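Dear colleague,

After it you will find my notes on what came out of looking through it.

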Amino acid sequence: MLLNRTQKNPIKITDKKVVEWKYATCGYCSTGCSIEVGLNDEGHAVSSRGVGGADVNRGKLCLKGIMEHELFNSAGRGDKPLIRDHWHEEFTETTWDQAIDKTAEGIRAVQEKYGKDSVAIISTGQMFTEEFYTLGKLTRGLIGTNNYDGNTTLCMASAVSGYKRSFGSDGPPGCYEDFEHTDCLIAWGSNLPEQHPIIYWRMKEAQEKRNFPLIVIDPRVTMLAQNADIHLTVTPGTDIVLMNAFMYVILNEGLQDAEYIEKNTNGYDELKAEVDKYDPVTASKICGIDEDTIRVVARLFAKANAAMQIWTMGINQSTHGSDGVVGINNLALITGNIGIPGGTSLSITGQCNAMGTREWSSCSGLPNHRLLENPQDREDIAEYWNIDVDFLPTKRGLVQTDIYRAIETGEIKALWLIATNPLSSLPDTARIRKAMERLEFCVVQDCYQDSESNQYANVFLPAGTWAEKSGVMTNTERRVNLVNKIMKAPGDSKPDFEIFNEVAKRFNTEGKVSFPKTTEEVFEEMKVISKGRLCDISGMDYENIEKNRGIQWPYTDKHVEKNEEPPAGGKRIYTEDATFRYPDGKAKLIPLPFVDNNEVPDEEFPIWLNTGRLVEHWHGRTKTGKVGNNNKFSPIPFIEINPDLAIESGVKDGDYVRLISRRSDAIVMAKYTNRVGKNAVFLPFHFHDCANRLTLGLLDPHSRQPAYKQQAVRIEPIKDQKAAAQLSMEMREF
Ligand SMILES: Nc1nc2c(c(=O)[nH]1)N[C@H]1C(S)=C(S)[C@@H](COP(=O)(O)OP(=O)(O)OC[C@H]3O[C@@H](n4cnc5c(=O)[nH]c(N)nc54)[C@H](O)[C@@H]3O)O[C@H]1N2
Ligand SMILES: Nc1nc2c(c(=O)[nH]1)N[C@H]1C(S)=C(S)[C@@H](COP(=O)(O)OP(=O)(O)OC[C@H]3O[C@@H](n4cnc5c(=O)[nH]c(N)nc54)[C@H](O)[C@@H]3O)O[C@H]1N2
Ligand code: SF4
Ligand SMILES: [Mo]
């Protein structure tokens, strides 16, 4: 008798004995998956699962989400506040009161000696919106430094800047459902299957049903490119030339939506005059895409009933990052593809709450997209916060990348880092190290004590992370979703929100400014100041957010009054004529001359270095490096290298090699693959003291975001493979 499969080799799934599931939103990427954490009868978190009824992920999670409960018990967490007088001394454990006193005194002393702006505060896209809002109030309303920014300058600044320049405000116009309506999709520099796996799944499912063409523009054969109908391996850093050439074809073949342009935009003539310089033949010589392919894609896009563009870091992280975003918006505007189902220009955001920072942190301005430069906005916020309006600066201070330059020049003397790790994430590590050494006072507030930047801290404030606290986050499609507190933060560590409230007590000595005790109360305050604005959340509360598995903004009290359930307000913005955020309601078409200012390969450094991500890891790996099932896929630094280039360089598959740039060098393993061309290598930036030793990080002139993806290196084989292996093993340590 034949045994059937289950009898022969039964699959056993361990019963984790979950007695209760608790609701949260994933704390890694900006997809914003609804997640439930399973607790056993001892209250330990033993499992994570996707939430079936959630519109975003419909029961699914990627391999980071599925392991997320393991973070609660992971190695390297901080559980006691630590202090020391100089960064090269040993830390000593202390009480919260002393650590917070030292923080406040350190900030005050530097401000008294060198002025208010000599202290910089750098936050993140990885806290809750209520935490950003509270930190913003503390920084702008009480501490009073204008040099306050987030790591979002490394990530979303070009998208923000491009949206503002085109539409008069930040705010992505579309949503994931647009995949279900589109007739053509262009993805610029975005590797969805690895970086936003569940958005990819939504896109793929829609594509299988309706078979729309997918065009991927990326110098590397990513997993998304493998699935593309047309893959354009653009020459690194030249996307705007390609955009101009697409527009050349569209405008010169009369494929534009003239009525939409007339009703909704300004600047057509100026745009046309610039675009006319980029005929496909001229453009092809710069961007490396042949003239016929340029014409085919331009026509496909313009003739589609509804056409959509998405993009991520291949565009934002460039010396033309902001222009790239404007170019994408230009293409959308001239073809009438904004605010319609399937027709949009959708920035795929990075961190879980990068959008929340953009909306509420006050980093680049004041809460809810208000501007420091606008007197009415300053008046409004000063009144809400009960502070003197003259205390607020009248224009934005330095961004993160410029803050580091100001540390070098001695303009900035103290730094408070919150949930960001510049020593691993900023370009040119050696330069960052030198800057950190110059600081007179540094506070690091991180959930992991082994974050590299903590080497330079005078005070370490151990924070809770993700579902060790409660609050909301906004995802890529403007969906506000809730994280409930599921576990207590380890040891004596505290939620960031509580830390901010404690620091606030030291600066709010007259008690004039209110700092509510719970994040839910903060959310209620935010609702009030959002009323009537683009990002209006006045119809939301924690209860209806969880019930709906997230609500997209705008969702207003008016919707609630009329009993209109979500998604009544927020699927798309700019859906009607002339609703853009410039005073006349029209969007701007902006000409984009191409300036060739990148570091490019030459004789000495003949190979492009492209840096980015892997599906299993998160940034500097403080989190995923500790989760076995994530870390084991790629525990050591490696490059993707084309076999032809490798053989020419005397490098075997699996050899350790030395990469050398004008800045420094790094030891990595060489992995053969045809994903990269013969003139380029791809290096994931997840490993300590590796990718960013090599990067140059030229800045975009509008957004000041670094160009992490374009620099030049050379490769040297290594004779002593054993020693190199040892070095590489050390780099995996924390
Ligand atoms: N697993 C995982 N997921 C993540 C993250 C993570 O660390 N790990 N981080 C999150 C964050 S914060 C972000 S910002 C996103 C980033 O998400 P993505 O931007 O999708 O990821 P990257 O790998 O940084 O870069 C994307 C692509 O840009 C391409 N590229 C390089 N140069 C150019 C160019 O000149 N033109 C074009 N068109 N493309 C180019 C690269 O080849 C690469 O394939 O991912 C988020 N999701
Ligand atoms: N070469 C290269 N460099 C890059 C990029 C690239 O593509 N190439 N991408 C850039 C981009 S897009 C980004 S977004 C940045 C990311 O750069 P970083 O912000 O430096 O990245 P993370 O490693 O995520 O750092 C977050 C820190 O916050 C801590 N943390 C996590 N959750 C919490 C919390 O709830 N509270 C507190 N207090 N701490 C917490 C983590 O332990 C970690 O130390 O890297 C940039 N750097
Ligand atoms: S796709 Fe992003 S949000 Fe969803 S589970 Fe994975 S990391 Fe979390
Ligand atoms: Mo990012």
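Across the interface of domain 1 and domain 4 the rule finds 0 salt bridges, although 2 residue pairs, both at pLDDT 80 or more, are in polar contact there. By class, the side of domain 1 that touches domain 4 is made of 5 nonpolar, 1 polar and 2 charged residues. Please keep in mind throughout that this is a predicted model.

To place these two parts in the whole protein, the domain assignment gives domain 1 as 20-73, domain 2 as 82-153 + 359-515, domain 3 as 157-347 and domain 4 as 607-732. The centres of domain 1 and domain 4, taken over C-alpha atoms, are separated by 31 Å, and their contact takes 8 residues from domain 1 and 11 residues from domain 4. The size of an interface is often given as the accessible area lost when the parts come together. For domain 1 and domain 4 that buried area is about 840 Å², with 72% of it on carbon and sulfur atoms. Of the area that domain 1 buries against domain 4, Tyr28, Leu63 and Lys64 supply 57%, which is more than any other three residues.

Oxygen atoms of ligand 1 are involved in several polar contacts: a backbone N or O atom of Asn191 lies 2.8 Å from one, a polar backbone atom of Gly237 is 2.8 Å from one, and an N or O atom in the side chain of Lys709 is 3.0 Å from one. Taken alone, ligand 1 exposes 910 Å², and the protein buries 100% of that.

Where does ligand 2 lie? Domain 2 and domain 4 both give residues to the shell around ligand 2, so ligand 2 lies between them. There are 32 residues around ligand 2, of which Asn151, Ser425, Asp446, Asp496 and Thr622 come nearest, and by class the shell divides into 9 nonpolar, 17 polar and 6 charged residues. A polar side-chain atom of Thr622 lies 2.8 Å from an oxygen atom of ligand 2, while a polar side-chain atom of Thr611 lies 2.9 Å from a nitrogen atom of the ligand. A polar backbone atom of Ala419 is 3.3 Å from an oxygen atom of ligand 2. On its own ligand 2 has 910 Å² of accessible area, and the protein covers 99% of it.

Note on methods:
Residues are numbered from 1 along each chain as its sequence is written. Chains are lettered from A and ligands numbered from 1 in the order in which they are written. This is a predicted model: local features need pLDDT of at least 70, side-chain atom pairs count only at pLDDT 80 or more; totals for chains, interfaces and linings use all residues. Side-chain values use heavy atoms; hydrogens and water are left out. Domain bounds come from an automatic or database domain assignment. Contact means heavy atoms within 4.5 Å. Buried area is the accessible area (1.4 Å probe) that two parts lose on being put together, summed over both. A salt bridge is a side-chain nitrogen of Lys or Arg within 4 Å of a carboxyl oxygen of Asp or Glu. A polar contact is a pair of N or O atoms within 3.5 Å; within protein, one must be able to donate a hydrogen and the other to accept it, and residues adjacent in sequence count only if both atoms are side-chain atoms. Ala, Val, Leu, Ile, Met, Phe, Trp, Tyr, Cys and Pro count as nonpolar, Asp, Glu, Lys and Arg as charged, and the others, Gly among them, as polar. Accessible areas come from the Shrake-Rupley method with a 1.4 Å probe; for residues, only the protein chains shown count as cover. A residue is near a molecule or strand if one of its heavy atoms lies within 4 Å of it.
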